[in-house]
Protein chains: 4
Amino acid sequence: MLYFNSDYTEGAHPKILEQLQETNFRQTVGYGEDEYCEKARGLIREACGAPEAGVHFLVGGTQANFTVIRAALRPHQGVISPVTGHIHVHETGAVEATGHKVLALPCGAEGKLSAGQVAEVCAEHFAGSMPPEHMVQPKMVYLSHPTENGALYTKAELMAIRQVCDEYGLYLFVDGARMGYGLAARGTDVALTDLAQLCDVFYIGGTKCGALFGEAVVIPNRELNRDFRYAIKQNGGMLAKGRLLGLQFLTLFTDGLYTEICKKADEQAYRIAAACEEAGIETYAPSPTNQQFFIFPDSQLKKLEEKYVFSFWEKVDEGRTAVRICTSWATREEAVEELIADLKNLG
Amino acid sequence: MLYFNSDYTEGAHPKILEQLQETNFRQTVGYGEDEYCEKARGLIREACGAPEAGVHFLVGGTQANFTVIRAALRPHQGVISPVTGHIHVHETGAVEATGHKVLALPCGAEGKLSAGQVAEVCAEHFAGSMPPEHMVQPKMVYLSHPTENGALYTKAELMAIRQVCDEYGLYLFVDGARMGYGLAARGTDVALTDLAQLCDVFYIGGTKCGALFGEAVVIPNRELNRDFRYAIKQNGGMLAKGRLLGLQFLTLFTDGLYTEICKKADEQAYRIAAACEEAGIETYAPSPTNQQFFIFPDSQLKKLEEKYVFSFWEKVDEGRTAVRICTSWATREEAVEELIADLKNLG
Amino acid sequence: MLYFNSDYTEGAHPKILEQLQETNFRQTVGYGEDEYCEKARGLIREACGAPEAGVHFLVGGTQANFTVIRAALRPHQGVISPVTGHIHVHETGAVEATGHKVLALPCGAEGKLSAGQVAEVCAEHFAGSMPPEHMVQPKMVYLSHPTENGALYTKAELMAIRQVCDEYGLYLFVDGARMGYGLAARGTDVALTDLAQLCDVFYIGGTKCGALFGEAVVIPNRELNRDFRYAIKQNGGMLAKGRLLGLQFLTLFTDGLYTEICKKADEQAYRIAAACEEAGIETYAPSPTNQQFFIFPDSQLKKLEEKYVFSFWEKVDEGRTAVRICTSWATREEAVEELIADLKNLG
Amino acid sequence: MLYFNSDYTEGAHPKILEQLQETNFRQTVGYGEDEYCEKARGLIREACGAPEAGVHFLVGGTQANFTVIRAALRPHQGVISPVTGHIHVHETGAVEATGHKVLALPCGAEGKLSAGQVAEVCAEHFAGSMPPEHMVQPKMVYLSHPTENGALYTKAELMAIRQVCDEYGLYLFVDGARMGYGLAARGTDVALTDLAQLCDVFYIGGTKCGALFGEAVVIPNRELNRDFRYAIKQNGGMLAKGRLLGLQFLTLFTDGLYTEICKKADEQAYRIAAACEEAGIETYAPSPTNQQFFIFPDSQLKKLEEKYVFSFWEKVDEGRTAVRICTSWATREEAVEELIADLKNLG
């Protein structure tokens with residue numbers, strides 16, 4: 001079977017394994033204070049144009065999400081998220097388990113929040129008819145870029161959200177589990193430097209973008225960075241051999257490897273999407289990144305699934321199903337060609 | 001001003017103050033193990049037809065809600081609630097602060113959940129397309145009777161919900177902050193004995209039904225009752241002078257006082273509702289209990305609010321506003337008559 | 001039986017019941033925003049010489065403790081307490097249940113912390129051999145005045161602790177569940193105004209000092225006062241009929257009632273202590289307040305316990321037992337006289 | 001510099017890197033449900049003689065500890081630990097952050113709990129003079145094998161603790177972060193099969209015993225295993241590429257690699273210890289495992305530290321310091337020889 005169901009079906013980019021091999025017997029101090037981590041932090045700060053930002057390496061996305069949120073909020077505060085946000089639906093209530101409510105707002109198929117929605121929630125809370133203390137206080141906006149559905153915010157959209165955050169004293173937190181595929185997308189005007197300017201905290205995903213595992217949390221807001229290492233340790237994210245994380249991000253941020261391998265995956269996704277469109281398959285949600293969402297007639301899907309694994313997304317109606325087709329840094333050209341050929345012969 | 005905005009604007013039924021006065025200098029042991037508490041527990045068990053049920057006295061509704069939920073659930077489990085449920089909107093995230101997600105389901109103006117909704121959520125979780133462990137496990141149904149909007153479940157509706165709970169291993173928890181007004185309502189077929197048979201845990205509200213404060217938590221499910229006193233203490237609900245709670249419920253459950261005073265309030269509410277209807281005021285949500293919801297033209301409302309205090313509920317449209325008009329055990333006949341007269345003269 | 005086991009065996013001071021009676025049918029707004037609360041806040045601010053301090057009324061001591069601590073600390077921070085501190089031993093882990101470690105330090109029979117101990121813990125944490133982030137960060141000092149064992153801090157001791165708190169950025173939180181008995185004690189040089197100057201937050205106990213229930217939390221540190229009402233609501237401490245708390249503290253702080261009734265109890269305690277000493281009973285821990293601790297030969301104790309209830313404290317050795325003898329605002333003169341007479345005839 | 005300060009200064013055993021390399025481009029499902037994990041589970045169950053035990057792979061020790069404890073306990077329950085236990089001192093209050101108190105008991109230099117201590121705590125709680133609900137209920141015993149100080153329990157000691165656990169309904173949880181060095185130690189009579197019989201849950205450490213990272217949690221008690229995957233996900237321990245954990249344990253449990261590499265480290269440690277003893281260096285705490293604790297005169301230590309890195313343990317007195325000397329699966333023979341030679345020439 002050929003897996004197009006997700007972007008974590010293989011190990012890591014070969015250069016990462018090579019580095020692990022090469023440095024295996026060097027002795028370093030633990031807990032992320034080794035030289036690999038230090039160098040990786042430097043490269044990331046440089047790429048973000050944020051020489052003062054805190055940079056910390058965590059193991060996975062759920063961990064990064066709840067660690068950041070728990071560290072930032074006081075007990076009576078909550079985090080605004082689109083209703084499709086990963087923290088709201090697919091993390092087993094990890095945020096609530098730290099004591100904080102996710103204030104979920106409706107969103108369209110793209111999975112994006114708007115500045116207007118955030119403003120409305122805040123206005124209602126801080127200047128509504130009820131005394132505010134009977135309700136959870138909104139204090140953070142959580143969004144993912146790309147979203148769960150592969151969509152991207154424009155720079156203008158992010159700036160508008162930032163403005164509302166400033167008005168009401170909210171933090172802006174961007175989940176970048178698939179950041180690489182977003183940065184490398186055609187037509188995007190959002191760069192790492194923009195995120196570093198607009199966010200209080202965000203992360204650059206490794207797990208889905210070429211690393212074995214790992215997320216680089218960047219914290220431009222110095223107030224949130226204070227004591228963050230305590231938060232990492234308390235929440236189980238401080239690897240004894242922190243060097244493993246440093247080394248991976250060092251490799252990914254050397255010679256533009258991170259963007260390069262994600263760009264390749266985006267391009268493969270576009271070709272698959274084009275083939276779907278040519279074959280008359282309906283788009284579920286448009287996406288400029290490595291995740292593509294299409295609505296297949298069940299008969300055609302059944303045939304394809306004899307050979308390919310996709311990710312079930314939704315039963316759209318009697319007879320049709322939305323699936324996610326996913327490429328990654330590891331997707332082989334031959335697999336893409338084969339899928340495209342089979343899409344052409346669907347009819 | 002005459003307050004019709006809520007059912008907690010006065011102190012307590014005079015018989016309760018009388019009892020406090022009379023017993024003031026008797027010395028008792030603390031923490032709810034005195035004779036008044038014991039007697040009150042006995043009367044409540046009797047009224048519920050549940051001789052084996054645990055009965056505990058807590059101070060308030062929010063406290064009762066999060067103490068019960070925290071004691072019952074394991075960390076990965078959540079509680080299903082209508083989107084208008086008090087725990088979801090008006091308790092400052094107290095349930096989430098104990099680590100548990102509120103799984104909020106849409107509901108109509110009555111604020112009721114249906115058995116079908118619960119079944120659907122459970123089916124999706126336990127037999128859906130995703131591995132369940134990525135999502136919060138539904139383990140409890142929370143509903144209020146009367147609901148936030150004054151509505152009542154029928155016995156058949158509660159039995160249907162109970163059946164779904166049995167099928168999926170869920171607890172049924174009924175918030176009875178206004179229980180008295182529900183039990184005394186015209187046309188209801190739900191008695192305390194039914195609640196004791198159908199619920200794993202529920203409470204009988206004192207604060208809004210004649211007591212200074214206090215909620216009597218009844219736990220027919222012995223498993224949930226185990227170690228519940230630890231939960232009360234840990235969550236700040238164990239009064240040193242627990243006798244105060246016992247004495248109040250002892251008074252309320254002697255000679256049918258609880259139902260009697262709530263019935264009076266319901267009847268007053270019906271008369272006000274009838275006057276509204278006669279005056280052509282539109283019903284917002286029908287209610288057989290002490291809370292009545294009507295949509296007033298703003299001009300009429302403004303006039304009434306020179307003399308009466310109602311509770312703002314919602315801006316329905318340009319020019320009209322929904323308000324709650326609330327009676328209670330303490331509402332004076334003269335105040336009701338005056339309001340009815342003024343409603344008649346609204347036009 | 002005559003109860004000398006605790007200071008919460010009766011109801012409330014008659015003036016409080018009188019006020020409850022008198023105001024019972026007045027209609028007020030809820031949640032502590034009524035005029036009685038406002039007036040009580042004013043009197044307390046005045047008594048504290050702290051016109052800007054936040055003043056909030058909570059229901060009980062455990063609730064006050066964990067609500068204050070949870071509101072003040074970030075997740076990786078802990079609270080220093082003597083090993084006998086109420087939060088460490090007798091609150092069912094309520095502080096830990098909010099996520100915070102109690103950093104318990106050894107103490108003598110008086111139950112007091114010293115400034116030196118606090119300084120040592122902080123020096124070890126912030127400048128020790130381990131990276132601090134592997135350990136809980138000390139951020140608050142919790143102490144009770146009077147202590148669990150009836151002892152009092154001197155003003156100089158509190159000032160020294162304050163100084164260490166300032167040096168390391170710690171909050172000072174004083175549990176005043178029995179504050180009245182401390183303020184009224186012979187020989188103390190600590191007044192309410194001192195506490196208001198030295199503490200970030202403290203509370204003035206009502207439950208054990210003449211009220212039915214209630215603790216007045218005073219927050220001179222404005223930073224900690226921010227959003228504190230959210231914390232009260234979230235933790236179940238916001239009474240719908242908040243007026244009940246306001247009214248009680250209004251009564252206690254009118255015409256010096258609070259100090260007057262506690263002073264009487266202290267004087268009774270001194271006379272009982274003197275009688276014990278005359279009878280050759282060994283002191284367990286010296287106390288200038290309403291709790292007295294003596295070590296009785298078991299044979300004598302057994303005889304006394306036919307008529308009196310004391311509080312078991314510790315089995316000191318084969319044949320001797322330490323007990324607490326407690327007076328309160330409610331202790332009758334005749335009971336004291338009777339006990340003194342029986343102590344005289346012990347031999 | 002030669003590092004003898006800890007057992008996590010290098011990467012992983014070469015066979016593990018080899019396996020990562022070889023399987024890198026195979027596509028697997030995520031979240032620990034791949035074939036490598038399945039096989040590793042099988043080997044571990046076999047090694048434990050526990051065909052029905054749950055086996056789960058977590059990322060690190062702190063995470064394993066708080067995930068297990070949180071999943072097992074109800075909110076009012078706590079975990080008994082020696083005062084030197086890792087959960088009590090070096091995990092930034094991670095257990096308390098999940099809401100549970102660590103009930104820390106004194107212990108000697110070896111860092112071991114005794115059955116008698118546990119029995120005493122339980123007797124005091126469940127049959128003491130106080131109503132138990134005012135205190136945290138002991139529900140689990142946590143101990144590490146080897147302990148933080150390198151010591152091992154005997155089978156008889158563990159059986160005695162198990163017996164007390166059975167008597168009071170407590171879970172027994174063994175932290176095996178350095179399990180390999182314990183299993184391979186000279187003279188131990190505790191095998192994996194014993195742990196599987198005696199514990200409700202324990203883990204087999206990978207991070208310090210040859211893996212890049214990872215701990216294999218074994219849960220013989222089926223009740224605790226129920227829904228454990230939810231707990232892993234909620235607490236951030238479920239790696240998207242779970243195969244990485246499976247593959248590592250598969251390698252370690254193939255052909256006895258795990259025991260073999262730990263045995264080598266133990267033997268090296270014994271030789272270093274012998275050299276210390278010959279050089280007249282005082283033992284701090286006797287240890288049959290890879291961690292050795294010696295008290296050096298500061299002058300000698302200073303000289304050694306020009307070339308070697310040890311781990312500071314304690315300032316024993318003016319002029320002498322206790323250090324930990326640590327070998328591991330990665331320690332080179334030449335480094336050991338060099339250290340031994342330098343110890344000989346200390347004088």
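A residue is called buried when its relative accessible area is under 20%, exposed when that area is over 50%, and partly exposed in between. Keep in mind throughout that this is a predicted model.

**One residue to start with**

Is B:Ala53 buried or exposed? Its relative accessibility is 3%, so B:Ala53 counts as buried. You'll find B:Ala53 in the loop that runs between helix H2 (35–48) and strand E2 (54–58) of chain B. Leaving aside residues up to four places away in sequence, B:Ala53 touches B:Arg45, B:Val218, B:Ile219, B:Pro220 and B:Arg222. There's also B:Ala196: it sits 143 residues from B:Ala53 in sequence, yet their C-alpha atoms are 8.3 Å apart in space.

**Where chain B meets chain D**

Now for the chain pairs. On the B and D side of things, 22 residues of chain B are in contact with 22 residues of chain D. Together the two chains bury about 2,100 Å², with 47% of that on carbon and sulfur atoms.

On the chain B side, helix H3 (61–72), helix H6 (115–127) and helix H11 (228–234) each supply at least two of the residues that touch chain D. H11(B) gives the most, with four residues. Sorted by class, the side of chain B that touches chain D has eight nonpolar, six polar and eight charged residues.

The interface of chain B and chain D also has two salt bridges. B:Glu133 turns up again here, as its side chain meets that of D:Arg229 in a salt bridge with an N to O distance of 2.6 Å.

How are the two copies placed? A rotation of 180 degrees, with 0.0 Å of shift along its axis, superposes chain B on chain D at an RMSD of 0.0 Å. That is the relation of a two-fold axis. In chain B, the C-alpha nearest the axis belongs to B:Arg74, 3.6 Å from it.

**Where chain D meets chain A**

Turn to chain D and chain A, and the contact takes 47 residues from each of them. These chains bury about 4,100 Å² between them, 57% of it on carbon and sulfur atoms. D:Tyr8, D:Gln27 and D:Lys241 supply 17% of the area that chain D buries against chain A, more than any other three residues.

How many salt bridges cross the interface of chain D and chain A? The count is zero. Polar contacts are there, though: 26 residue pairs, both members at pLDDT 80 or more. Several elements of chain D each supply at least two residues to the side that touches chain A, among them strand E1 (2–3), helix H1 (14–23) and helix H12 (243–252). That side has 24 nonpolar, 16 polar and seven charged residues.

**Salt bridges around the structure**

Over all chains, a search of the whole structure finds 80 salt bridges. Here are some of them.

| Salt bridge | N to O distance |
|---|---|
| D:Lys101 and C:Glu96 | 2.4 Å |
| D:Glu157 and D:Lys112 | 2.9 Å |
| D:Arg332 and D:Glu334 | 3.0 Å |

What about the surroundings of these partners? D:Lys101 counts as buried at 6% relative accessibility, and C:Glu96 counts as buried at 2%. D:Glu157 is partly exposed, with a relative accessible area of 31%, whereas D:Lys112 is buried at 15%. As for the last pair, D:Arg332 is partly exposed at 43%, and D:Glu334 counts as partly exposed at 49%. Elsewhere, salt bridges that share partners join A:Glu33, A:Arg229 and C:Glu133 into one network.

Conventions:
Residues numbered from 1 in each chain as written. Chains lettered and ligands numbered in written order. Predicted model: local features only at pLDDT ≥ 70, side-chain atom pairs only at ≥ 80, totals over all residues. Heavy atoms only, no water. Contact = heavy atoms within 4.5 Å. Buried area = accessible area lost by both parts, 1.4 Å probe. Salt bridge = Lys/Arg side-chain N within 4 Å of Asp/Glu carboxyl O. Nonpolar A, V, L, I, M, F, W, Y, C, P; charged D, E, K, R; others polar. Buried < 20%, exposed > 50% of the residue type's maximum accessible area, 1.4 Å probe, protein only. Least-squares fit on C-alpha atoms with pLDDT ≥ 70 in both. Polar contact = N/O pair within 3.5 Å; in protein donor to acceptor, adjacent residues only side chain to side chain.
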